[in-house]
Amino acid sequence: MDVRVINDKFKEHFGVAGEMFASPGRINLIGEHTDYNGGFVFPGAIDKGMVAEIALNGSDKVRAYSVDLNDYAEFGLNEEDVPTQSWARYIFGVCREIIKRGGKIAGFDTAFAGDVPLGAGMSSSAALESTFANALNELFSLGIDRFELARIGQSTEHNYCGVKCGIMDQFASVFGKAGHLMRLDCRSMEFEYFPFDPEQHGYKLVLLDSVVKHELVGSPYNDRRASCERVAAILGQEFLRGATMEMLDGVKDKISEEDYKRARYVIGEEQRVLDVCEALKRNDYVTVGKRMYETHWGMSHDYEVSCEELDFLATVAQECGVTGSRIMGGGFGGCTINLVRSELYDSFITTAKAKFLQKYGHEPKVYNVVISDGARRI
Ligand code: GLA
């Protein structure tokens, strides 16, 4: 991303120069809707994200300029100062969550921009939150550890943006490491970096963006989470993690058919993440791909977070002989993530574009995945 446009806008609005901070969006190879169930996820940070220029302004006000939206917001740091623009709430929320944790911060000026496509399931909002959480931590020497930075972003979503999300996106944005995926156990919060270089084994990872905008705010996302929590409670567990199909079948007559299907998906997904990690250790990409398709259809039929366009993209991938393809992220729109043999790549992309265009009147967008570093000063 060309950061000069941010520098120019910052100068134009605030007259001085500030310091630069960046945080990435993420992909997730497998492990969807498992984070808030205490399960495993397998994300990596990407080479697309948010960049902000920030300078302390000696007041108790934040003055923020969104370069992409060409919009300006000014707000104080007290609970009642919540800005009206939804984009500004992410920054406000991060400030408030830091203050609630005892962090002493004051006013600042900022201009920011990003190149993570909005609403594509690549966590543009987590990138924004971790940019500011990390920057304020450094600029005010708060000494907050990196897990807490991720939690600050997550609490921002819960308390200021209306999404009861798990920790995956913020974790990936903060902890990302070039060339590595991370398997995070969302119950113990232990994690492990996995070197990930599919090209070395003759595969490429590519995202196809249906350009159906997903909007998690006030969405069925929270309903999915509530279903899982109801089933966990009936099973006498804090989380669905660790539940088996036998256990689920044992309470089948005490839960709704819908909740049963949601839980069935989550239980299957737990095992798929572990299978994929084991398969990767053997460079068995065929198994990785199989599990990806299973996730897709589980998300489509049981968890019901797919849409027609994403099912179409996964089906075209399968017809083209793509090794693995599935919805990525929360669902309801956004991208599929595709694991494709290098020699098939060109023909797959050409076919997917043509078929999608014919059916929906526009092409999907194509993003090649580069696994990159997490939140940082630049
Ligand atoms: C969104 C949420 C994450 C996670 C995914 C689904 O991206 O922010 O916490 O639940 O959906 O895996």
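Modeller: Two strands are said to pair if DSSP finds at least two bridges between them. Please keep in mind throughout that this is a predicted model.

Colleague: In which sense do strand S4 and strand S6 pair?

Modeller: Strand S4 covers residues 61–66 and strand S6 covers residues 108–114, and five bridges are found between them. In this pairing Arg63 stands opposite Asp109 in S6. The sense in which S4 and S6 run is parallel.

Colleague: Which strands are the edge strands of the open sheet?

Modeller: The open sheet is built from six strands, in the order S5-S4-S6-S3-S1-S13, and its pairing is mixed.

Colleague: The backbone oxygen of which residue does the side chain of Gln85 reach?

Modeller: Gln85 lies in the loop that runs between strand S5 (71–76) and helix H2 (86–100). Leaving aside residues up to four places away in sequence, Gln85 touches Asp71, Tyr72 and Ala73. The side chain of Gln85 also makes a polar contact with the side chain of Thr84, at 3.4 Å. The backbone oxygen that the Gln85 side chain reaches, at 2.8 Å, is that of Tyr72.

Colleague: Which residue in the hairpin of S7 and S8 takes a positive phi?

Modeller: S7 and strand S8 (residues 191–195) pair in the antiparallel sense over five bridges, and Leu184 stands opposite Phe191 in S8. Five residues lie between the two strands of this hairpin, and the one with a positive phi, near 65 degrees, is Met189.

Colleague: How much area do domain 1 and domain 2 bury between them?

Modeller: The domain assignment of the protein chain gives domain 1 as 3–193 and domain 2 as 195–368, with their C-alpha centres 25 Å apart. In the contact between them, 37 residues of domain 1 meet 46 residues of domain 2. The size of an interface is often given as the accessible area lost when the parts come together. For these two domains, with 62% of the area on carbon and sulfur atoms, the buried total is about 3600 Å².

Colleague: How many residue pairs in polar contact are found across the interface of domain 1 and domain 2?

Modeller: Two salt bridges are found across the interface of domain 1 and domain 2. For polar contacts across this interface, with both residues at pLDDT 80 or more, the number of residue pairs is 20.

Colleague: Which element supplies the largest share of the side of domain 1 that touches domain 2?

Modeller: Strand S1 (19–28), helix H4 (146–161) and strand S7 (180–185) each supply at least two residues of that side. Its residues divide into 15 nonpolar, 14 polar and eight charged. The largest share, four residues, comes from S7.

Notes. Residues numbered from 1 in each chain as written. Predicted model: local features only at pLDDT ≥ 70, side-chain atom pairs only at ≥ 80, totals over all residues. Heavy atoms only, no water. Domains from an automatic or database assignment. Contact = heavy atoms within 4.5 Å. Buried area = accessible area lost by both parts, 1.4 Å probe. Salt bridge = Lys/Arg side-chain N within 4 Å of Asp/Glu carboxyl O. Polar contact = N/O pair within 3.5 Å; in protein donor to acceptor, adjacent residues only side chain to side chain. Nonpolar A, V, L, I, M, F, W, Y, C, P; charged D, E, K, R; others polar.
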